[in-house]
Amino acid sequence: MKILELVGILQMLNKYKLFLILLFFPISLFSQGDTLDLAECINIAIKNNPQIGIYEGNYEGSRANVTLARSVFFPQISVTSSGVRNGGTFFMGPTSREGNYNNFALGFQGQLLLFDFGKSIFKLSSSSYQSEASEYDLKNTKQTIELNTVIAYYNYLQSKKINEVNKEICNQAEEHLKQSKSFFEVGKKPQFDVLKAETDLANAKLNYIRSNNNVKLSRIQLANVLGIELKDNIEFKDDLSYTKDTIVVLRDAIEIALNNRPDLLAQKFRKEAMSLLVKSNWLSNLPSISVSGGYNFRGYELDKNFKNSWSLGLSLSLPLFQGWAIDATVESAKASLKSSEHQYDNLKQQVILDVEQQFLNYEEAKERIDVSEKLVKQAEETFKLAKGRYNSEVGSAIEITDAQITLLNAQISYIQALYDVKIALAKLKKAIGY
């Protein structure tokens, strides 16, 4: 009975094996969706890109520097303890004696900066500006990754569309070759038409091979941007809708960019940080005033009472001569400030140029859509007429070839325009700082 029961259990498990697998291992079977949209791809790219970790580390380090610069405004408290065994000859006035004794001590010490003419305040403000700059560096890195993802995403979808067009052209070329052969066999067309159709088919196949390879390459590039391995069953959502309205006028776009661009803001904060550091370094020439105090316990044996003592004092520290070290730090900070100011001015010019270029590219991409769409319709009509003329034994093979090439170029131009406007809009937003 036990063996029969075991067999029955095994049969039941085998019957419901698929159900158990789906129940306990759903993540392994459906770890990736079949279709990814652009927003999902951007999130994946930002999550997997190692540059994010680099700039996050820089930002965290800058925040730690702010805490370090702020620490001087708080009391510096420490505890000390010691135990010493002394032995040998001890002199007490003109006499001496041999002996050994212990010395134990326990104490608390504290110090607080009262006033340093603003040197520490300027240093803290400089560190805060550096931290702000690091935060904008991180934001700029995320925007750059987002733009690279958009470009790779739409380049892949564009390559697929172009590949479909080339495949269709191959089918049309094969159909034309069959028609030419049938006409030649019955003596309605010369052998030239057959040879021309074979050449056209070969060229169409070459274009299809290239475009098919471009699909593979663009998919590899997209996978590299995303930082994941793209399985064959993963597809990407395509959306060719766009708005013909101008999202912003050029003058407003430049103004927004100058206020929003994270790379420009980062450089602006670095310039401010260097300016404050110059002041902080120069103020090192002035005195610092601090208050200090402590409470100590001393004794010669651990099993006897310790004697206590306390101290409280005010100190003033004024550097008289440091081997020109303070002057050197001031000059170094001034040089860094000068460099930072020129970097900011140069970057500001680049931002304005970038906005102007991306604005014009976006407007041009929108205009190309309407023109290329009309061109496709005209090319389709021309190809139909050429094909009809040839089938009616009126047209020539050259007309078919010319019409087919014109149609191919028009379709590719239209596809490129549709995706170029997507990429151009993303570049314009990046240039503005969105």
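**Strands, rings and salt bridges**

Modeller: Strand β3 and strand β5 (residues 288-299) pair in the antiparallel sense over 11 bridges; two strands pair if DSSP finds at least two bridges between them, and helices (H or I, at least four residues) and strands (E, at least two) are DSSP runs, numbered from the N terminus. The model is predicted, so local features need pLDDT of at least 70 and side-chain atom pairs count only at pLDDT 80 or more, while totals for chains, interfaces and linings use all residues. Residues are numbered from 1 along each chain as its sequence is written, and side-chain values use heavy atoms, with hydrogens and water left out.

The strands β2 and β3 form a hairpin with two residues between them, and G93 in the turn has a positive phi of about 70 degrees.

F297 leads on to the aromatic contacts. Rings of Phe, Tyr and Trp (its six-membered ring) pair if their centres lie within 6.5 Å; planes under 30 degrees apart count as stacked, over 60 as edge-to-face and the rest as tilted. By this rule there are 10 aromatic pairs. Y295 and F297 form an edge-to-face pair, because their ring centres are 5.3 Å apart and their planes stand at 65 degrees. Y295 is partly exposed at a relative accessible area of 34%, and F297 is partly exposed at 27% (buried means under 20% relative accessible area, exposed over 50%, partly exposed in between, with a 1.4 Å probe and protein chains only). Elsewhere, Y153, Y154, Y156, F236 and Y419 form one aromatic cluster.

Charged side chains complete the account. A salt bridge is a side-chain nitrogen of Lys or Arg within 4 Å of a carboxyl oxygen of Asp or Glu, and the count by this rule is 10. One of them joins D420 and R368, at 2.9 Å from N to O. D420 lies in helix α11 (residues 397-432) and R368 in helix α10, so this pair ties together parts that are 52 residues apart in sequence. D420 is partly exposed, with a relative accessible area of 26%, and R368 is partly exposed at 27%. Another salt bridge joins K366 to E363, with the closest N and O atoms 3.4 Å apart. Both residues lie in helix α10 (residues 325-391), three residues apart, about one turn of the helix.
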